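Work through the exercises below with the sequence and the 3D view open. Each task is followed by a solution in steps.

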Amino acid sequence: MLSMNEALVRVLEQARALRAVDCDLESALGLTLAQDVVADADQPPFDKALVDGYAVRSVDLVRPPFRLELGETILAGQIPQRPLGDREAATITTGAPLPPGADAVIMHERTRRIGHTIEIEEHEIKPGLNRLPQGKVYRADDRLIPSGTRLTPATLGVLAAVGAASVRVIPRPRVAIIPTGDELVDFRQPPGPGRIRNSNAVMLRGFVDGLTSETWTSPILGDEPEALKEGLRPALDFDVVLVMGGVSAGQKDLVPHTLEALNVRPIFHKIRIKPGKPLWFGVGSPRADRPGPLVFGLPGNPLSVLVNFLVFVRPVLHVLAGAAADDDRIEVRLATRVSHRNTLTTYLPARILRESLVPGEPLRVEALDWSGSADLLSAAVADGFLILPEVKETYEAGEIVGFLPLR
Ligand SMILES: Nc1nc2c(c(=O)[nH]1)N[C@H]1C(S)=C(S)[C@@H](COP(=O)(O)OP(=O)(O)OC[C@H]3O[C@@H](n4cnc5c(N)ncnc54)[C@H](O)[C@@H]3O)O[C@H]1N2
Ligand code: MOO
């Protein structure tokens with residue numbers, strides 16, 4: 001049986017960024033850029049006024065009189081009609097181009113208007129005052145945003161500024177969620193004797209929200225071989241397939257065989273993790289235009305689904321979307337002693353002790369009481385999971401351990 005880390009390596013070996021597509025800039029937030037973005041022009045495209053006031057030649061104001069004739073008016077969006085003459089000032093607004101010859105702008109609050117002249121109250125006018133020179137921010141053809149960058153609101157703004165209306169990006173994966181099990185009923189219905197509501201599908205949808213370009217939840221599939229096979233078939237068109245339930249050792253645990261019958265090549269089955277030990281992982285046959293789907297058989301217990309999603313599936317969704325595999329683990333200090341079976345990596349629902357936060361110190365965390373991997377309520381009220389590695393059985397209060405926040 002593989003350790004959790006070995007299994008994660010096997011999974012990530014199969015994960016490659018999806019093929020780049022063209023995307024409208026306005027739909028590209030959060031996606032990964034698959035091209036370099038280059039400046040189409042200097043920024044700013046001309047020497048630009050940074051304040052409302054008067055464009056001047058600083059040489060005219062080295063010694064008194066500090067008075068200049070007023071010439072043309074240049075508003076933002078207009079082009080100066082002529083160079084600035086000797087001892088002349090042009091009225092100018094923020095963002096407008098300086099006229100040739102001008103090398104400084106004086107804020108109008110520092111001047112007094114007298115008829116067709118202005119008197120300047122500020123006497124130290126250095127060349128460059130309140131002027132942003134052409135190309136100061138970047139030059140035409142500079143590489144501004146490299147391929148591989150995640151598009152944030154600010155990078156989208158830069159792309160808009162250079163007119164990149166459509167960009168090459170890595171799309172987010174398409175994900176299929178498939179609940180299986182004869183005992184399941186839709187959560188909107190009363191379960192009836194011996195049956196339970198399908199709670200996992202809604203939970204998984206919540207987790208994948210924002211990480212996919214399309215999420216499809218299939219109807220509940222029963223534990224009948226032919227129906228299961230036909231129900232799973234359309235899911236294999238997706239990039240990632242999340243089948244829930246039916247992967248352990250029961251006589252109705254038909255998912256691994258059925259996936260293999262659909263040409264999904266098994267990579268591993270069962271790993272040293274709790275919850276989630278019976279995890280199954282395989283890769284479907286390549287499609288004409290793209291590689292085969294990555295298929296997870298998630299053990300059906302709600303906490304198995306949850307932990308396996310966070311540990312294995314979420315990093316894969318990031319990698320397919322062109323990003324790095326995320327690792328949100330932080331280090332925390334155990335508030336109480338905890339024990340587990342030292343042959344498995346254990347994820348324990350836990351709570352951050354916010355009442356005893358000490359700035360600069362690791363967070364203190366206590367394990368919650370829980371009734372095993374069917375106990376989704378414990379995770380719903382938890383801040384995250386303590387991670388207890390296989391190496392030893394007991395971790396003492398005060399020890400530093402890993403913690404996976406739930407967000
Ligand atoms: N002989 C063995 N039995 C079991 C083993 C084992 O190694 N040998 N492993 C146990 C572990 S650990 C887990 S976890 C479960 C996983 O079982 P399956 O993946 O086959 O899942 P099911 O049996 O179908 O379901 C388990 C449990 O979860 C409930 N479930 C399933 N789907 C949903 C859903 N969509 N919403 C809510 N709850 C769901 C299901 O009713 C079961 O109670 O196997 C152990 N057994
Ligand atoms: O690995 Mo299972 O999730 O403990 O019940």
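**Exercise 1. Which backbone N or O atom lies 3.2 Å from a nitrogen atom of ligand 1?**

This is a predicted model, in which local features need pLDDT of at least 70, side-chain atom pairs count only at pLDDT 80 or more, and totals for chains, interfaces and linings use all residues. Residues are numbered from 1 along each chain as its sequence is written, chains are lettered from A and ligands numbered from 1 in the order in which they are written, and side-chain values use heavy atoms, with hydrogens and water left out.

Step 1. The atom belongs to Asn200. The pair is a polar contact (a pair of N or O atoms within 3.5 Å; within protein, one must be able to donate a hydrogen and the other to accept it, and residues adjacent in sequence count only if both atoms are side-chain atoms).

Step 2. Ligand 1 also places an oxygen atom 3.1 Å from a polar backbone atom of Gly246. A side-chain N or O atom of Asp253 is 3.0 Å from an oxygen atom of ligand 1.

Step 3. On its own, ligand 1 has 870 Å² of accessible area, and the protein covers 70% of that. Such areas come from the Shrake-Rupley method with a 1.4 Å probe; for residues, only the protein chains shown count as cover.

**Exercise 2. Describe the shell of residues around ligand 1.**

Step 1. There are 19 residues around ligand 1, and Glu183, Asn198, Ser248, Asp253 and Gly300 come nearest. A residue is near a molecule or strand if one of its heavy atoms lies within 4 Å of it.

Step 2. By class, the shell holds six nonpolar, nine polar and four charged residues. Here Ala, Val, Leu, Ile, Met, Phe, Trp, Tyr, Cys and Pro count as nonpolar, Asp, Glu, Lys and Arg as charged, and the others, Gly among them, as polar.

**Exercise 3. Find the backbone features elsewhere in the chain.**

Step 1. Pro65 is in the loop between β6 (53-56) and β7 (67-74); strands (E, at least two residues) and helices (H or I, at least four) are DSSP runs, numbered from the N terminus.

Step 2. Asp141 is a residue other than glycine with a positive phi, near 75 degrees. Asp141 sits in the loop between β12 (131-132) and β13 (143-145).
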